[in-house]
Amino acid sequence: MSTTKGGSGRRIVLWRHGQTSWNLERRFQGSTDIELTETGVAQARRAARLLAALKPDAIVASDLKRAAATAAELAVLTGHTVAHDSALRETYAGEWQGLTHDEIVARYGEQYAAWKRGEPVRRGGGELETEVADRAAPVVLEHADKLPVDGTLVVVSHGGTIRTTIGRLLGLESPHWESLGGLSNCCWSVLGEGARGWRLMEHNAGTLPEPVLGDDD
């Protein structure tokens, strides 16, 4: 682990894609390849201007259109080439995909409740959350390991994948991953490298991270 004096080190910004029409309809997307709305593109451009100020060293993104298009806005400003990886896709949720939240609760109420309790559930016959972390977290770490000291990696992905990846990198047991709240469209979370591993520095942020100044730093 490469850290510098004061506990600063590498930084991972996990950035959720912009708005889609299915987000507005509260329709479960999963691995379905849905494009950004005009609002989603505008969100990505606004957020990209902020994130570019962090001077990221690398960008890696899910290959689904909504994430790839979001990442492209940052790439334009930074000049970086985006590395696309299917391992960063959203959770595959089988029969849940394409259904609205209300339809899922009506048809799969027991399965939904078990998932919310933190039980290992193959929603719609799809992936377990731990399987999502198994594929996504190593990709994030692989790219983070290539960063220079104090370098910044931007990962453009999806709400569920980001949450499970954060849980894995923080060393939380999977039943507790639900305690990490969801990300709004085009908001991000920041993991910083400290003396004892990765720390959650920002969560569901939409403005530039500020340094922690205080006794807990």
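**Before you start**

You are looking at a predicted model, in which local features need pLDDT of at least 70 and side-chain atom pairs count only at pLDDT 80 or more, while totals for chains, interfaces and linings use all residues. Residues are numbered from 1 along each chain as its sequence is written, and side-chain values use heavy atoms, with hydrogens and water left out.

**Stop 1: strand 1**

Select residues 11-16, which form strand 1. Helices and strands here are DSSP runs (H or I, at least four residues, for helices; E, at least two, for strands), numbered from the N terminus. Buried means under 20% relative accessible area, exposed over 50%, and partly exposed in between (1.4 Å probe, protein chains only).

Strand 4 (residues 152-157) runs parallel to strand 1, joined to it by 6 bridges; look for Trp15 opposite Val156. Strand 5 runs antiparallel to strand 1, with 5 bridges between them, and here Arg11 stands opposite Gly192. Two strands count as paired if DSSP finds at least two bridges between them.

**Stop 2**

Move on to the loop between strand 1 and helix 1 and pick His17. At 2% relative accessibility, His17 counts as buried. Select Glu90 as well: UniProt, in an unreviewed entry, lists His17 and Glu90 under "active site". They span 74 residues in sequence, yet no two of their C-alpha atoms are more than 10.8 Å apart, so they gather at one spot. Both His17 and Glu90 are included in the lining of the largest pocket. UniProt positions follow the numbering used here, feature names are shortened, and annotations may be inferred rather than shown by experiment.

**Stop 3: the largest pocket**

Stay here and show the surface. The largest pocket holds about 790 Å³ of space. A pocket is an open set of points on a 1 Å grid over the protein atoms alone, where a 1.4 Å probe fits, with protein on both sides within 12 Å along at least five of seven lines; lining residues have an atom within 4 Å of a point. The volume is the space filled by probe spheres set on the points, which are joined across faces, edges and corners.

To find the centre, select Arg16, Phe28, Glu90, Trp115 and Gly160, the closest to it of the 30 lining residues. Then colour helix 1 (21-24), helix 4 (101-107), helix 5 (109-116) and helix 7 (159-169), the elements that each give two or more residues to the lining.

**Stop 4: salt bridges**

How many salt bridges does a search of the whole structure find? The search finds 15, each a side-chain nitrogen of Lys or Arg within 4 Å of a carboxyl oxygen of Asp or Glu.

- Glu193 and Arg10: their side chains meet at 2.6 Å, N to O. Glu193 sits in strand 5 (residues 188-194) and Arg10 in the segment before strand 1, 183 residues apart. Both Glu193 and Arg10 are buried.
- Lys65 and Glu35: this pair meets at 3.7 Å, N to O. Lys65 lies in helix 3 (residues 65-78) and Glu35 in the loop between helix 1 and helix 2 (38-52), so the pair ties together parts 30 residues apart in sequence.
- Glu127 and Arg135: the distance is 2.8 Å, N to O.
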